[in-house]
Every structure is written in C-alpha cells, then in structure tokens.
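Let's take a walk through this model together. Have the viewer open and follow along as we go.

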Amino acid sequence: MNTNLSDAFRRYIDENGLATHDDRILLTVSGGVDSMVMLSLFVDAGYTVGVAHCNFQLRGAESDEDEVLVQRQAAAFGVPFYNKRFETTAEMERTGESMEMAARRLRYAWFNDLSREYGYSAIAIAHHADDSIETFFINLLRGTGLRGLTGISTQVGKVIRPLMFASRKEILEYALQHRIPFREDSSNRSTKYLRNKIRLGLIPRIREINPKFTPLMIRNLARLTDAQRFIDHGIERIRTEAVTSEGDTDTIHLDRLDPAFPREFVIYELLASAYGFKGDVIDALCRALGQEESTGKHFYARDRVAYIDRGRIIISPIAPDDACQTTIAKESPRCYCGNSVLYFETLDIDAIKTFGVPEHIAQVDADRLQYPLTLRRWREGDWFVPFGMTGRKKVSDFLIDAKVSVPEKQRQFVLLSCDDIVWLVGRRIDDRYRLTNETENVLRITKEIV
C-alpha cells in the first residue's frame, strides 16, 4: 500500500468519485486520531470543508476537552466549526435506546440538518480499513448474510468514507510524522464492547498467525463486495420474474423461482434487501414454508409484515391497527415490537450484576415462563400485578396513572406467558415473575428502538 498517505487519499477520492473540489464537504471530527488526520488531509488537498463536532456529554471533562481541541484545530485551519452538545443520557431514558443507537441517531440527524442549512453536498466519516474488518467479525459473530460480511461501504448517499483504503497503523504514523494533535477516547481501551474485544483481543492473535492480515482482509472484503454486487444484479432479475405488485402490497410467487437456485437464499435476498427483514425472521419464515399448516403465518420487519398464502409470500405495510401478535419460541434471540426490537438473553442468576434496571430492560425468572411466549398490543380487560405490588391492576388504570398519552397507549405492547402478562413492555414487569432468592435462571429482555 502506498506509504504516502496524502497521495493515496487524493487518489482514493478521485478513483471512487467521492468528491470534487467544487463540493462543500462536512467533516465529522471527534478529536480522535482518525478524524483529525482526515481533517488535515482534506485541508492539505484544498477541498472546501466545514467541521462538525458532537459532544455527547458521556465522559465528563474528557468530552469537553475533545470539543476544545477540535474547535482549536478548525480555527487553525480557518474552516467553519459547528458544535452541538447532546443530552444523550436523557435521550436514552426517553426512548429506551442503547447508548450506541441513541448517539448514532442524534449525530446523523444533526449532520443532515447542517448539510441542508449550509449547503454541504457530502458528509465525511473517518472510518478506515480496520473499522471495516472489525465490522466483518462483529456481523460474523452475530449471524449475517453475505452483505453483512462486506464491511463498511465507502459511500452511502451523501455519506462518504475517504479513509477506507488506510489502516489504523498508517493513520497513526501519519499523525505522529506530521505532528497532528489528537485525543484518545478512554472507552476505546474497555473490553466492555464487542468491537473492542475484537480489536484488542481477537485481531492481534490473528496477526500473530499472519502479519499481513490487514491487507489480506482488505482484498477479501473487496471480493465479497464484488460478489454481493453480482448477487444484487441477479436478485433484481429474479425480482422482475417472481415478484408482482398491487398498490403497496408485493407478492413473491414461489413457483416462479428457478428450482436450480437455492430457494431459501433467494428468499433471504428478496426479503432482506428490499423490505428490511432480519435473518432470523426470514429463517423462521422459510422453516414455516416446509410445514403443512403454514398459510396465514405472519412475520414482521420494522414497518412490513410478510405472510404465507398458498405458495406465495405476501408483503405489505404494517397497518396502524395491526394487532401484531407474535409467538416467541424459547430459543428466539429477538422479535419485533412495533417500531422496536426485543432482544432475549438467558443468564445464570450469578451473572446478574445489578437487579435495578431501567424500564427498557426486564429481568424475569426464566423458570416460571411457559413457552411459547406471546407478544401483542394490550387489550381492554388486561390486568397484571405491577412489580412491588400485591394486588391486580388493570393495564388501562396503570397507563392512566402513569399519565401515558393516548397515542402511546395505542402503541403499548404486553408480553405474556400463557394468559399471564409478564411485562408491560418498556414500563413494568409482573411481580409474580420477579427475581427471588429461589431464582436460578434469568431471562433478560432489552427493548431497543429501530
């Protein structure tokens, strides 16, 4: 790989058509080495840029010091500086999102607002080759189709990633050589996060086996990306032959699929790429296709529902009044819940570090549950025993007491074991399923907005 990072940077932008010197480019700069080097490279190459910095106020003084450094560097280069402080913790509590999801949603919404207001034609993110390799392993470990193994895209819409050709090591060496100031995020050293476990634990061991691991993986990712492009082209041809549309409803005619093709793979590509169905949902649908009484079974994506109808898969938008009743098998890792996802994890009681959890997480006695569980919207007459209470309470009364708005009431789900409400989702578990001194196994359920 070219050792002159500046020349390689300019060539990568030109070869991939990421930007021209007529463009105004918004650079997202955190203060870390990657984004600070990106800022320097863009300025040295003569592009018209502005700098956007997010202060998520999650690391106290560290966050404020990052902000000061980025502002100082933008001033030194004489480029516009935009800064925003987010109430991230409050937003997490409001939505029930994880820190990563809340921060991502907040920053991209702000970047798009800045682009519209100040006329930026591109938003540059400082992801590099090692980030893409780590994403490959994250998706591999979580389970994914081929698309999830292609790493991070160089460009998606207005978002460009002009450092995808470079390794973390090359970027750091460039920063040191050119005396570019940067700050190290202390959370990057924590093995609490899966990405850091891969970065600090797995990849160094692989490099011991093959020191040329990074350039090898860059080539592998390029080949996988080419393979996915080839598949995408083929799937679009299949779509024209096997999928019909009427209004906002699409129908996949299974009898029109070439039997020489692997049917489940084709179904996966048709449902995942165009409609956003997750892999485990598609797997469940394909298993149902092989069962005698499959007609009428429903499977949910974020805003779509697919159901089987006599050799066809019919996909339509989720209606506002859709009951969205879903059955959940014991080994299910997740299921959809309106515009959210519920993630299920079974743990030994000794693995529970805290019993006080926020409302978007439920921890219940797993051995008291009877499967399959049922997820549905609440109904008039539903009742449960709210955690900490001894008597029944109607769900309607609980929501009134909690001052829940009418639209929120309409979106309220309940999780049931047989006829018992186990969790008024996102609000309160049933006291009968709480953790006790006799609990041995715990089902932890986490609600995340998608």
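**A walk through the fold**

Leaving out neighbours within four places in sequence, Gln363 is in contact with Ile352, Thr354, Phe355, Val357, Ile429, Leu435, Val442, Leu443 and Arg444. Keep in mind that you're looking at a predicted model. Gln363 itself is found in strand 15, which covers residues 361–365. Is this glutamine buried or exposed? Its relative accessibility is 6%, and because buried means under 20%, Gln363 counts as buried. One of its contacts, Arg444, is worth a click: the side chains of Gln363 and Arg444 make a polar contact at 3.1 Å.

Now jump to the start of the chain. Two packed helices are described by the angle between their axes and the distance between the axes. Here, helix 1 (residues 5–16) and helix 2 (residues 33–44) have axes that come within 10 Å and cross at roughly 75°. An angle of 65 to 115 degrees counts as roughly perpendicular, so that is how helix 1 sits relative to helix 2. Which residues make the contact? From helix 1 they are Leu5, Ser6, Phe9, Arg10 and Ile13, and from helix 2 they are Val37, Leu41, Phe42 and Asp44. Sort the residues of this contact by type and you get six nonpolar, one polar and two charged.

Val37 and Phe42 turn up again in the largest nonpolar core, which has 38 residues: together with Ile25 and Leu27, they touch the most other members. Several elements each supply at least two residues of this core: helix 1, strand 1 (24–28), helix 2, strand 2 (48–55), helix 3 (61–77), strand 4 (122–124) and helix 7 (168–177). The largest share, seven residues, comes from helix 2. To see the packing from a single side chain's point of view, pick Leu27. Ignoring neighbours within four places in sequence, Leu27 is in contact with Met38, Leu39, Phe42, Val49, Gly50, Val51, Ala52 and Ala124. Apart from this core lies another one, of 33 residues, and among its members are Leu254, Ile282, Tyr300 and Ile313.

For a last stop, find Ala284 in helix 11, residues 279–289. How does its accessibility come out? Ala284 has a relative accessible area of 24%, so it falls in the partly exposed class, between the 20% and 50% limits.

Terms used: Residues are numbered from 1 along each chain as its sequence is written. This is a predicted model: local features need pLDDT of at least 70, side-chain atom pairs count only at pLDDT 80 or more; totals for chains, interfaces and linings use all residues. Side-chain values use heavy atoms; hydrogens and water are left out. Axes are lines fitted to C-alpha atoms, for helices over the stretch in contact, and angles run from 0 to 180 degrees between N-to-C directions. Helices (H or I, at least four residues) and strands (E, at least two) are DSSP runs, numbered from the N terminus. Angles under 35 degrees count as roughly parallel, over 145 as roughly antiparallel, 65 to 115 as roughly perpendicular and the rest as oblique. Contact means heavy atoms within 4.5 Å. Ala, Val, Leu, Ile, Met, Phe, Trp, Tyr, Cys and Pro count as nonpolar, Asp, Glu, Lys and Arg as charged, and the others, Gly among them, as polar. A nonpolar core is a set of buried Ala, Val, Leu, Ile, Met, Phe, Trp, Tyr and Cys residues joined through side-chain atoms within 4.5 Å. Buried means under 20% relative accessible area, exposed over 50%, partly exposed in between (1.4 Å probe, protein chains only). A polar contact is a pair of N or O atoms within 3.5 Å; within protein, one must be able to donate a hydrogen and the other to accept it, and residues adjacent in sequence count only if both atoms are side-chain atoms.
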